[in-house]
Amino acid sequence: MPTDSHRTYGWTPYRDAMLARLVGAGYPWSVIGTLCGRTKKAARFRWGVLQSEGAVPALTKRKKVRVRWTQKMDALLVSLRQEGAPWAEIAVRLGVSLYAAWSRGQKIEQKEIKK
C-alpha cells in the first residue's frame, strides 16, 4: 500500500507544527525556512500545501494601528501610573497595546525630566 510520503516531501507532523507556530508568530520566510531545515521557498510552498488541505487556517496580515494620543489619554496614563497600576492594566483601560502604553509613558517621563 502506498504511503503519503510522496505528498509530504519529508515534512513531519513536528515540522508542520513548527512551521505553523513560526508563521503565526510573524517570522520572515528566510528565518522560518532555516529553523525548519529548509529553504524559504520550500517553507512557503509547504505552508501553501497545508492551507490548501485545510490543515492550517489562512493568515491575514495585521495592519499596524497608530494610536492618536489625546491629552485626556495622557492624563489618565499619568494618574494610573501615580496610583501604581501595572502597564497591562493601563493598556487595557486606554484600549491600546501594552507596548504602546509603556512607550507613551516613557515619552511622558522624558518630557518631565527635561522640564
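## Exercises on helix H2

Helix H3 (29-35) and helix H4 (40-52) are among the elements that cover the buried residues of H2; helices (H or I, at least four residues) are DSSP runs numbered from the N terminus, and contact means heavy atoms within 4.5 Å. The model is predicted, with local features needing pLDDT of at least 70 and side-chain atom pairs pLDDT 80 or more, while totals for chains, interfaces and linings use all residues. Residues are numbered from 1 along each chain as its sequence is written, and side-chain values use heavy atoms, without hydrogens and water.

**Exercise 1.** Determine which elements make up the protein.

*Solution.* Step one: the secondary structure amounts to seven helices and zero strands. Step two: read from the N terminus, the order is α-α-α-α-α-α-α.

**Exercise 2.** Identify the buried residues of H2 and explain their placement.

*Solution.* Step one: Asp 16, Met 18, Leu 19, Leu 22 and Val 23 are buried (under 20% relative accessible area; exposed is over 50%, with a 1.4 Å probe and protein chains only). Step two: these residues lie on the same side of H2 because their arc around the axis is only 160°, taken from the directions from the helix axis to the C-beta atoms. Step three: the face turned away from this side carries exposed Pro 13, Tyr 14, Arg 21 and Ala 25.

Conventions:
Helices (H or I, at least four residues) and strands (E, at least two) are DSSP runs, numbered from the N terminus.
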